[in-house]
Amino acid sequence: MAFEPPRRLVRTLSETYGESVAGEWLGQLPGIAQDAVERRELTVERVVAPGGGSSLVVLVRRPDGAPAALKVVPPFAAPEPERAALTHWKGWGSVELISGSDGALLLERLHPETSLRSLPEAKALLEAAGTVRKLWVEPVAEHGFETVAERTARQADAMRAATDPQVAPLVTAALDARAELLAAGSAELMLLHGAFRQGKVLSGDRAPWLAVGPVPVVGERAYDLARLVRDRVEDLVAAASGASATRRRVNKLADSLDIDRERLRGWTLFRAVESGVRALEAGRRQDAELLLEFADWL
């Protein structure tokens, strides 16, 4: 079978890591995927498309006929933290890891075509809150995961280098919010999903909803919830009541998960501006404008 990378994967890897780095790995991907399949004696059904932005996902069957999903991750996308997080969760709130080595993860088969985005908004947010709550556990000692302070420090450096003067006020506000949040501190050191949103929660057979695709980080829960606040941002921006709806969503999610409202608002601002600046630098102006308008409401 030809393991052609979906367009989303090609675009996202190129934007994130550069065309030369991404292109080299993508050129080797068919052989890498074939080798991973053969080593595990898997039967291939199909490549998931449009799939994710950081890996190739292939629906397969194991030698005993049991369904599974093979996730092939480039080494520069750091597959080891994901493997470690899934091992720690042991399927509690997340997809179950069957085995993982050499940048390929063999996972429990979920239903990739059905995420929480298929539900009405209120129901989706309720299910998302219930799912992410399960993932927030203490990491093991000497865990080796990146911390929120470390991850956002790298992101802050990139934000300071933004070339569009029109975004400067929002960048300043976001950086100030980060500085205040870190200065005030938080006693929480939880293992977080790191990229949690509705599209990262898929329908399963073992449980109704399970999280996939973590980019794990250790820190406070408000950071993890911040990405969920802006889900369906295009609908929020299009609505006449978008600004007030956004503030209500912050308060509702914070209250439902016993998180400080202002810390959630601060991290939501930082993460929205960081994503907006990154989209702008990648030439995705429409995405950037949505994110930055959303951020301006905060």
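Residues are numbered from 1 along each chain as its sequence is written, and side-chain values use heavy atoms, with hydrogens and water left out. Because the model is predicted, local features need pLDDT of at least 70 and side-chain atom pairs count only at pLDDT 80 or more, whereas totals for chains, interfaces and linings use all residues.

Helices (H or I, at least four residues) and strands (E, at least two) are DSSP runs, numbered from the N terminus. Two strands are taken to pair if DSSP finds at least two bridges between them. Strands of a sheet pair through backbone hydrogen bonds, either parallel or antiparallel.

Five strands form an open sheet with antiparallel pairing, in the order 1-2-3-5-4. Strand 1 and strand 4 are at the edges with a single partner strand each, so one side of each has no neighbour in the sheet. From one strand to the next, the twist averages 25°; angles run from 0 to 180 degrees between N-to-C directions, and axes are lines fitted to C-alpha atoms, for helices over the stretch in contact. Helix 2 (residues 19-40) packs on this sheet and touches strand 1, strand 2, strand 3 (67-72), strand 4 and strand 5, where contact means heavy atoms within 4.5 Å. The direction of helix 2 makes about 145° with that of strand 3. Helix 3 also packs on the sheet, touching strand 3, strand 4 and strand 5, and its direction makes about 150° with that of strand 4.

Strand 4 runs antiparallel to strand 5 (residues 104-108), and four bridges join the two. Gly100 has Leu105 in strand 5 as its bridge partner, and Ser101 is partnered by Ala104 in strand 5. The two strands form a hairpin with two residues between them, and Asp102 in the turn has a positive phi of about 55°. A positive phi, near 55°, is also found at Lys90, a residue other than glycine. Lys90 lies in the loop between helix 3 (79-89) and strand 4 (97-101). A cis peptide bond, with omega about 10°, joins Ala49 and Pro50. Pro50 belongs to the loop between strand 1 (43-47) and strand 2 (56-61).

An open sheet of three strands has the order 6-8-9, again with antiparallel pairing. Its edge strands, strand 6 (111-115) and strand 9 (209-211), each pair on one side only. Neighbouring strands of this sheet are turned by 55° against each other on average, direction ignored. Strand 6 and strand 8 (residues 201-203) run antiparallel and are joined by two bridges. Ser115 stands opposite Leu202 in strand 8.

Two packed helices are described by the angle between their axes and the distance between the axes. The axes of helix 6 (residues 168-184) and helix 10 (residues 261-281) cross at roughly 140° and come within 9 Å. Helix 6 is therefore oblique to helix 10; angles under 35 degrees count as roughly parallel, over 145 as roughly antiparallel, 65 to 115 as roughly perpendicular and the rest as oblique. The crossing of helix 6 with helix 10 is left-handed, meaning that the near helix is turned anticlockwise from the far one by less than a right angle, whereas clockwise would be right-handed. Residues of helix 6 in the contact include Leu170, Leu175 and Arg178, and those of helix 10 include Arg263, Trp267 and Phe270. By class, this contact has 14 nonpolar, one polar and two charged residues. Here Ala, Val, Leu, Ile, Met, Phe, Trp, Tyr, Cys and Pro count as nonpolar, Asp, Glu, Lys and Arg as charged, and the others, Gly among them, as polar.

Helix 7 (residues 221-229) and helix 9 (residues 242-256) have axes that come within 10 Å and cross at roughly 140°. These two helices are therefore oblique to each other, and helix 7 passes helix 9 in a right-handed crossing. Leu225, Leu228 and Val229 in helix 7 meet Arg249, Val250, Leu253 and Ala254 in helix 9. The residues of this contact divide into six nonpolar, no polar and one charged.

A search of the whole structure finds four aromatic pairs. Rings of Phe, Tyr and Trp (its six-membered ring) pair if their centres lie within 6.5 Å; planes under 30 degrees apart count as stacked, over 60 as edge-to-face and the rest as tilted. The ring centres of Tyr223 and Trp267 are 5.4 Å apart and the planes are at 85°, so this pair is edge-to-face. Tyr223 in helix 7 and Trp267 in helix 10 are 44 residues apart, and the pair links distant parts of the chain.
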